[in-house]
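This report covers one protein chain. Please look at the sequence and the model first.

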Amino acid sequence: MPPKLKGQFYTTVVRPTILYGDECWLVKNSHIQKMNVAEMRVLRWMYGHTRLDKIRNEDIREKVSVAPMKDKMRAAMLRWFGHVRRRSLDALVRRCEWLALAVMRRGRGRPKKYWGEVIRQYMARLQLTEDMALDRRI
């Protein structure tokens, strides 16, 4: 089977299964690293190589023509942010009322990272603004 076809199979079947629901994940650097390891294990297995063959990750991605999973996760989160930003105010009010009912205790240590913080970091890195989500071209 040609490597490009294996890459298409990976992008249409395997990657969506791994990234199901990733729009709402609170992604840490350790999560990204684990996802990269899992992705490269699958790609190496599909291509018929092991780590002992000492082939660089970039070379395998290029042969199979697959973009890094980190980029796909970022794109999915930003796409979901656009959907949330364009939602009606009534839906947001109902969501906030439901969240107000949930009582949360603050734990010890550093506060947990929120989804909004991750989005703001991605938007700053790509030099995007929140208003760009409202300017959708159909």
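## Val84

Where is the place of Val84? Val84 sits in helix H4, residues 69-86. Helices here are DSSP runs of H or I with at least four residues, strands are runs of E with at least two, and both are numbered from the N terminus.

Val84 counts as partly exposed because its relative accessibility is 25%. Buried means under 20% relative accessible area, exposed means over 50%, and partly exposed lies in between (1.4 Å probe, protein chains only).

## Basis

This is a predicted model, in which local features need pLDDT of at least 70, side-chain atom pairs count only at pLDDT 80 or more, and totals for chains, interfaces and linings use all residues. Residues are numbered from 1 along each chain as its sequence is written, and side-chain values use heavy atoms, with hydrogens and water left out.

## The chain

The chain has six helices and zero strands. From the N terminus, its elements run α-α-α-α-α-α. The chain has 138 residues, and 25% of them count as buried.

Contact means heavy atoms within 4.5 Å. Among contacts in the chain with a separation of 6 or more, 76% join residues 24 or more positions apart. The accessible surface is about 11,000 Å² (Shrake-Rupley method, 1.4 Å probe). Carbon and sulfur atoms hold 56% of that surface.

## H1 against H2

The axes of helix H1 (residues 3-18) and H2 come within 11 Å and cross at roughly 145°. Axes are lines fitted to C-alpha atoms, for helices over the stretch in contact; angles run from 0 to 180 degrees between N-to-C directions. The crossing of H1 and H2 is right-handed. Right-handed means that the near helix is turned clockwise from the far one by less than a right angle; left-handed means anticlockwise.

H1 contributes Pro3, Lys6, Gly7, Tyr10, Val14, Arg15 and Ile18. From H2 come Met35, Glu39, Val42, Leu43, Met46 and Tyr47. By class, this contact has nine nonpolar residues, one polar and three charged. Nonpolar covers Ala, Val, Leu, Ile, Met, Phe, Trp, Tyr, Cys and Pro; charged covers Asp, Glu, Lys and Arg; the others, Gly among them, are polar.

## H2 against H3

The axes of H2 (residues 29-47) and H3 (residues 57-64) come within 10 Å and cross at roughly 60°. H2 is therefore oblique to H3. Oblique is what remains after roughly parallel (under 35 degrees), roughly antiparallel (over 145) and roughly perpendicular (65 to 115). H2 passes H3 in a left-handed crossing.

On H2, the residues are Asn36, Glu39, Met40, Leu43, Arg44 and Tyr47. They meet Asn57, Ile60, Arg61, Lys63 and Val64 of H3. Five residues of this contact are nonpolar, two polar and four charged.
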